[in-house]
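Here is my notebook from a first look around this structure.

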Amino acid sequence: MDITQPILTARKAALAVAVITFGVGATGMGMSFLFLASTHHLDVIAGAAGFVGGSVLAAAGLLAGAVLSRSPLAGANISGELRRASAFAPPRVVDHWLAHFRRNRQHRPEPAWDAPVTLAPDVVRPLVKSLEQFQLGDGGGPACLIAWNAERLRARGAGTRALVDLWFAEEREHARLLGAAVARFGGHCIRGHWSFTAFCLVRKYGGVRLELTVLLLTEIVSTVYYRLLRRHGADVALRSMCRLILRDEAGHIAFHRARLAGAVGAGRARCGTWWETRFRALGLAAATMLWVNHAPALCAAGANRAEFYREVWIELSRFVRRVRREAREWAEDGAQATNPLHASQR
Ligand SMILES: [Fe+2]
Ligand SMILES: [Fe+2]
């Protein structure tokens with residue numbers, strides 16, 4: 001009889017409890033934002049209590065999952081979690097995306113900033129506040145990796161360093177475009193906001209792996225924001241700007257997908273149920289953070305909450321599906337793999 005079997009069974013059960021605990025906590029955190037956004041003070045108190053309780057549960061679930069993943073009995077695959085911490089992207093992925101970012105600098109028609117504004121004043125008012133925040137968050141702050149251990153990743157090689165620089169150069173370009181949009185609608189660029197401070201603190205102190213995840217999720221939910229503005233915002237310059245940014249963000253998301261698929265395909269990371277649960281929960285938390293701050297602008301333009309969350313869910317599902325497909329292709333093709341380099345642009 002295999003004496004490790006009862007231990008492995010107990011470990012699986014404990015992992016399931018950790019997943020459920022994290023899921024419940026993350027859901028509670030997400031729902032708490034809806035109460036925090038209320039104008040009634042009792043709802044705000046309930047939301048704050050829910051957020052604290054949810055974050056304790058989510059942290060406990062994450063911690064338990066991390067500890068269990070590092071169990072010696074978890075086997076070689078699970079120790080991939082440790083190796084992943086030191087991995088960024090396979091060399092072929094780096095080369096492919098360096099070429100992509102250089103190509104993407106071309107054919108970028110500047111939005112017609114001087115065209116007449118065709119949005120009603122009651123749409124412009126919340127929109128400009130929202131664009132001011134986005135200008136700060138989307139490349140207007142520190143346009144680089146700011147995690148305490150980011151230099152370790154950048155020092156991995158000239159290719160990695162150049163790739164990260166080109167990626168953030170596009171983010172700086174987004175801030176420039178958004179700054180022009182803010183000026184067009186009569187606003188002023190801001191230098192601080194509570195959500196931006198929270199965003200930077202998580203990136204800085206969570207380590208570079210968490211920072212990459214946070215940036216990826218931000219790009220996914222921001223994609224939905226720009227798409228809804230392009231769909232509903234009846235203004236020629238606004239739509240042109242959204243088109244440009246969406247084109248770039250599609251590349252950024254595909255680049256993250258390729259590096260994750262490469263890591264999974266090489267056995268350095270996993271994209272199973274536990275990863276998907278965390279990914280979707282964190283994605284919904286990021287989406288809720290965005291909705292709390294930007295719902296007035298999106299609703300004034302003509303979007304609504306159901307449409308926003310539906311689009312977010314579709315984006316998260318698409319990412320999960322494609323990471324797994326590309327990882328399978330990596331694993332099947334081995335050293336000859338080509339598909340992750342052809343990560344489709346959406
Ligand atoms: Fe961006
Ligand atoms: Fe981006």
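**Cysteines**

I started with Cys 200, which is buried at a relative accessible area of 14%; buried means under 20%, exposed over 50%, and partly exposed in between, with a 1.4 Å probe and protein chains only. Cys 189, by contrast, is partly exposed, and its relative accessible area is 44%. Cys 200 takes part in no disulfide, and its nearest cysteine sulfur belongs to Cys 144, 9.6 Å away. I then searched the whole structure and found zero disulfides, a disulfide being a pair of cysteine sulfur atoms within 2.5 Å.

Residues are numbered from 1 along each chain as its sequence is written, chains are lettered from A and ligands numbered from 1 in the order in which they are written, and side-chain values use heavy atoms, leaving out hydrogens and water.

The chain has a mean pLDDT of 84, with 77% of its residues at 70 or more; pLDDT is the predictor's confidence in each residue, from 0 to 100. I marked residues 70–86, where pLDDT stays under 50 and the model has 30 contacts beyond four places in sequence (contact means heavy atoms within 4.5 Å). Where pLDDT is low, the predicted coordinates should not be read in detail.

**Iron ion (ligand 1)**

Which residues coordinate the iron ion (ligand 1)? I found Asp 138 (OD), Glu 171 (OE), His 174 (ND1) and Glu 249 (OE), at 2.0 to 2.3 Å. Donors here are N, O and S atoms within 2.8 Å of the metal (3.2 Å for Na, K and Ca), and water is not among the atoms, so sites may look incomplete. Along the chain, the donor residues of this ion are spaced D-x32-E-x2-H-x74-E. Glu 171 sits in helix H8 and Glu 249 in helix H11 (residues 236–265), so I logged a pair that links distant parts of the chain, 78 residues apart; helices (H or I, at least four residues) and strands (E, at least two) are DSSP runs, numbered from the N terminus. Glu 171 counts as buried at 8% relative accessibility, and Glu 249 does at 1%.

**Aromatic rings**

How many aromatic pairs are there? I counted 13, with rings of Phe, Tyr and Trp (its six-membered ring) pairing if their centres lie within 6.5 Å; planes under 30 degrees apart count as stacked, over 60 as edge-to-face and the rest as tilted. Phe 134 and Tyr 226 are both buried. Tyr 225 and Tyr 226 also form an edge-to-face pair, at 5.4 Å centre to centre and 75 degrees between the planes. My last entry is one aromatic cluster, formed by Trp 97, Phe 101, Trp 167, Phe 168 and Phe 255.

Methods: Predicted model: local features only at pLDDT ≥ 70, side-chain atom pairs only at ≥ 80, totals over all residues.
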